[in-house]
Amino acid sequence: GSDGPVDTEGEAVKIARKIGYPVIIKAVAGGGGRGMRIAHNDVTFAKEFHSARNEAEKAFSNGDVYIEKYIDKPRHIEFQILADSHGKVLHLGERDCSVQRRHQKLIEESPSPFLTSDLRKKMGKMAVRAATAASYENAGTIEYIVDAKGNYYFIEMNCRIQVEHPVTEMVTGVDLLREQLRIASGERLSLRQEDVKMTGVAIECRINAEDPITFQPTPGLITKYY
């Protein structure tokens, strides 16, 4: 990808050619899928470059964009981590959030049906290394894009608890908010990496409250609403 924001169309085209099409143009201050455009050649690039900048400016009051290689048919997989103030960092496995609409996550599941145990180990280890390198302290999520061949690429880190955290809690049995409060109090994490075991499967679905849907949970199921 580009080394930071790209200011002009001419500079952007050169970078896109160097990366190799298709590329994705992304707003620096973006979120929720806004300020993102895909270009497959020089002809479409100019239009999408300015379109992404204009949308970013309107949505975030910041029109800066950067350019990355576009990964076709990706998996979006995130790893939950915990890090205390005593140098201990561990991960609690992954959540697969590849089912999306307009770049908004619709379904979160754990464990991912795509990852092998070996790939899970590698990605989890890398997530821990990233948080350690940043001297991170808190609950957090390291997010990746994974291609069809299992190559994984860092997207971002969410430095907070997320609404999908119960998916991880249900397969690991770890109370993430309890651990987060321990971290905030300066205490040590109450578990080690080898203590983290993933059992069963958990799925969370996000329902748009504006849609005219009547949701009737099946008796006996544990339900959580956000």
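**Close-up views of the predicted chain**

**Figure 1. Overview of the protein chain as a predicted model.** Among the contacts in the protein chain with a separation of 6 or more, 60% are between residues 24 or more positions apart. The secondary structure comprises five helices and 11 strands, and the C-alpha trace spans about 55 × 45 × 35 Å along its principal axes. The chain has 226 residues, of which 38% count as buried. Its accessible surface comes to about 13100 Å², with 51% of that area belonging to carbon and sulfur atoms. The charged side chains number 31 positive and 32 negative, and the centres of these two sets lie 3 Å apart.

**Figure 2. The buried and exposed faces of helix H1 (residues 9-19).** Ala 12, Val 13 and Ala 16 are the residues of interest here, and each of them is buried in H1. These residues lie on the same side of H1 because they cover an arc of only 100° around its axis. In an α-helix there are 3.6 residues a turn, so residues three or four places apart point the same way. Lys 14, Arg 17 and Lys 18 are exposed, and they are carried by the face of H1 that is turned away from its buried side. The cover over the buried residues of H1 includes strand E1 (23-31), helix H2 (42-60) and strand E3 (65-69).

**Figure 3. The loop between strand E8 (107-110) and helix H3 (117-133), with Pro 111 and Thr 116.** A cis peptide bond runs from Ser 110 to Pro 111, where omega is near 0°, and Pro 111 is found in the loop between E8 and H3. Thr 116 is found in this loop as well. The side chain of Thr 116 reaches the backbone nitrogen of Leu 119 at 3.1 Å. Thr 116 and Gly 150 are 34 residues apart in sequence, whereas their C-alpha atoms are 9.2 Å apart in space.

**Figure 4. Lys 73, a residue with positive phi in the loop between E3 and strand E4 (75-83).** Lys 73 is not a glycine, and yet its phi is positive, at about 50°. This residue has its place in the loop between E3 and E4. Its relative accessibility is 69%, and Lys 73 therefore counts as exposed, since the cut-off for that class is over 50%.

**Figure 5. Ser 135, a residue with positive phi in the loop between H3 and strand E9 (138-146).** Although Ser 135 is not a glycine, its phi is positive, at about 50°. The residue lies in the loop that runs between H3 and E9, and with a relative accessible area of 61%, Ser 135 is exposed.

Definitions and conventions:
Residues numbered from 1 in each chain as written. Predicted model: local features only at pLDDT ≥ 70, side-chain atom pairs only at ≥ 80, totals over all residues. Heavy atoms only, no water. Helix = DSSP H or I, 4+ residues; strand = E, 2+ residues; numbered from the N terminus. Buried < 20%, exposed > 50% of the residue type's maximum accessible area, 1.4 Å probe, protein only. Contact = heavy atoms within 4.5 Å. Areas by Shrake-Rupley, 256 points an atom, 1.4 Å probe, with all protein chains shown as cover. Lys, Arg positive; Asp, Glu negative; His and termini not counted. Charge placed at Lys NZ, Arg CZ, Asp CG, Glu CD. Arc of directions from axis to C-beta. Polar contact = N/O pair within 3.5 Å; in protein donor to acceptor, adjacent residues only side chain to side chain.
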